[in-house]
Amino acid sequence: MAGVAGRLARLRCSGALSSPLQVTRFPALQLHLCGPAMRASQKDFENATNQVKLLKKDPGNEVKLKLYALYKQATEGPCNVPKPGVLDFINKAKWDAWNALGSLPKETARHNYVDLVASLSASSESSIQVTPAADRKQPGSDALVVTSQDGITTITLNRPDKKNALTTQMYHDIMLALEAAGKDDSAITVLTGNGDYYCSGNDLTNFTDIPPGGVEEKARSGAVLLRDFVDCFIDFPKPLVAVVNGPAVGISVTILGLFDIVYATDRATFHTPFSHLGQSPEGCSSYTFPKMMGPSKATEMLVFGKKLTAREACTQGLVTEVFPDSTFQKEVWVRLKAYSKLPPNAMRISKQVIRNTEKEKLHAINAEESNILRERWLSDECMNAVVSFLSKKAKL
Ligand SMILES: CCCCCC/C=C/C(=O)SCCNC(=O)CCNC(=O)[C@H](O)C(C)(C)COP(=O)(O)OP(=O)(O)OC[C@H]1O[C@@H](n2cnc3c(N)ncnc32)[C@H](O)[C@@H]1OP(=O)(O)O
């Protein structure tokens with residue numbers, strides 16, 4: 001988020017961002033950032049600081065940063081604390097916002113803060129706070145739905161509004177769901193997505209959740225989680241089927257090489273933009289992809305980020321069969337229900353015969369890929385890509 005908050009504030013002052021939408025949503029910013037200094041009493045300011053805790057509608061990151069900056073300027077004056085490290089996304093964004101206020105007098109900052117809170121109070125419905133990412137609660141188990149019926153355990157990614165991006169909590173929940181499915185009395189296990197996407201890969205906001213040990217600790221624990229997560233797929237004992245109901249991105253694509261069957265709607269696409277994100281392949285794809293499609297096609301996907309259509313992915317061996325979107329669900333589930341009636345022990349043993357020779361190798365590859373990614377996550381290339389995504393998301 002390098003300088004984005006500061007750039008935003010300067011653009012606002014220059015009038016460059018005064019679109020009707022922004023004027024409607026954030027009138028206080030438009031009216032007061034560069035407006036004449038007016039007086040608000042200390043009491044008004046204290047009232048506003050209390051009022052802000054009662055706001056019910058989340059006004060978004062821009063306004064939260066503005067509130068933070070004005071509060072600091074009003075109470076401490078111009079920003080003269082050291083700039084946080086470039087990887088410390090949240091604190092750096094806050095520092096940028098405060099620093100962008102330059103030498104704005106304390107009284108003006110106090111007035112602008114009071115005015116901004118007043119304008120927010122009018123339409124408020126849920127709480128706002130500049131919550132450190134580390135304190136933020138991840139979505140709970142409703143982001144993952146597990147059902148068991150007709151001999152099939154289905155694990156459904158259920159964050160359709162976020163294209164089923166995988167939060168840290170979801171990685172843990174998927175591991176638990178796989179562990180349980182491996183032991184339950186179903187014959188087949190399915191992973192699918194709710195909504196128009198199968199999965200948009202790792203939730204990039206996971207990167208903002210920096211623990212007390214800093215970014216190195218974040219990268220270390222991320223690599224451990226990734227390794228454990230992928231290990232669960234390598235070791236899964238029963239037939240594992242991906243029902244790819246829409247586009248798939250990142251890790252949701254790479255682990256497909258560890259599934260036994262991949263059925264896809266013709267609307268699905270398969271995208272691994274690792275270089276664009278300053279990252280490197282995971283999910284054992286550095287081994288499974290070249291093996292299934294040859295090194296050159298694998299390079300197009302994993303190095304150059306070429307997005308495949310469902311039919312291309314089928315030709316390359318990543319997808320087992322493609323179905324028309326209009327009949328996808330019906331055809332796939334009829335097929336899977338029939339398969340689930342086959343003797344479960346025979347299916348389990350046959351899968352193991354097919355997969356066991358590779359297991360040790362896959363675990364070693366997973367460990368190596370996770371280590372390499374740990375380093376990648378600390379690179380400028382990765383950090384810049386994540387910051388760019390988060391900035392667009394925050395519309396900064
Ligand atoms: C234990 C850690 C293991 C990590 C392993 C390493 C894994 C690597 C990967 O998976 S790399 C791939 C990461 N994913 C991406 O780069 C995809 C990012 N998202 C997008 O490019 C787009 O959102 C899209 C192409 C998936 C969909 O575009 P569009 O149809 O225009 O929808 P929106 O962009 O408006 O998305 C709606 C809503 O969802 C949020 N969102 C989508 N994907 C992600 C994501 N991966 N992380 C976080 N948030 C995501 C998007 O921001 C919108 O949110 P909003 O409504 O603005 O709040």
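Student: What makes strand β3 and strand β4 a pair, and in which sense do they run, parallel or antiparallel?
Tutor: Keep in mind that this is a predicted model. A pair needs at least two bridges. Strand β3 (residues 188–193) and strand β4 (residues 240–244) have 4 bridges, in the parallel sense, so they count as a pair. Within that pairing, Leu191 sits opposite Ala242 of β4.

Student: How do you know that β1 and β2 pair as well, and in which sense?
Tutor: Use the cut-off of at least two bridges again. β1 (residues 144–149) and β2 (residues 152–157) share 6 bridges, antiparallel this time, so they qualify. For example, Val145 has Thr156 of β2 as its bridge partner. Their hairpin has 2 residues between the strands, and Asp150 there takes a positive phi near 50°.

Student: Why are β1 and β9 at the edges of the sheet?
Tutor: Follow the order, β1-β2-β3-β4-β6-β9, in an open sheet of 6 strands with mixed pairing. β1 and β9 (321–323) each have a single partner strand, so one side of each lacks a neighbour in the sheet. From one strand to the next, the twist averages 20°.

Student: What makes you say that helix α14 packs on this sheet?
Tutor: Contact takes heavy atoms within 4.5 Å. Helix α14 (residues 328–339) touches β2, β3, β4, β6 and β9. Its direction makes about 160° with that of β6.

Student: And how much of the protein chain is called buried?
Tutor: The label requires under 20% relative accessible area, and 49% of the 396 residues get it.

Note on methods:
Residues are numbered from 1 along each chain as its sequence is written. This is a predicted model: local features need pLDDT of at least 70, side-chain atom pairs count only at pLDDT 80 or more; totals for chains, interfaces and linings use all residues. Side-chain values use heavy atoms; hydrogens and water are left out. Axes are lines fitted to C-alpha atoms, for helices over the stretch in contact, and angles run from 0 to 180 degrees between N-to-C directions. Buried means under 20% relative accessible area, exposed over 50%, partly exposed in between (1.4 Å probe, protein chains only).
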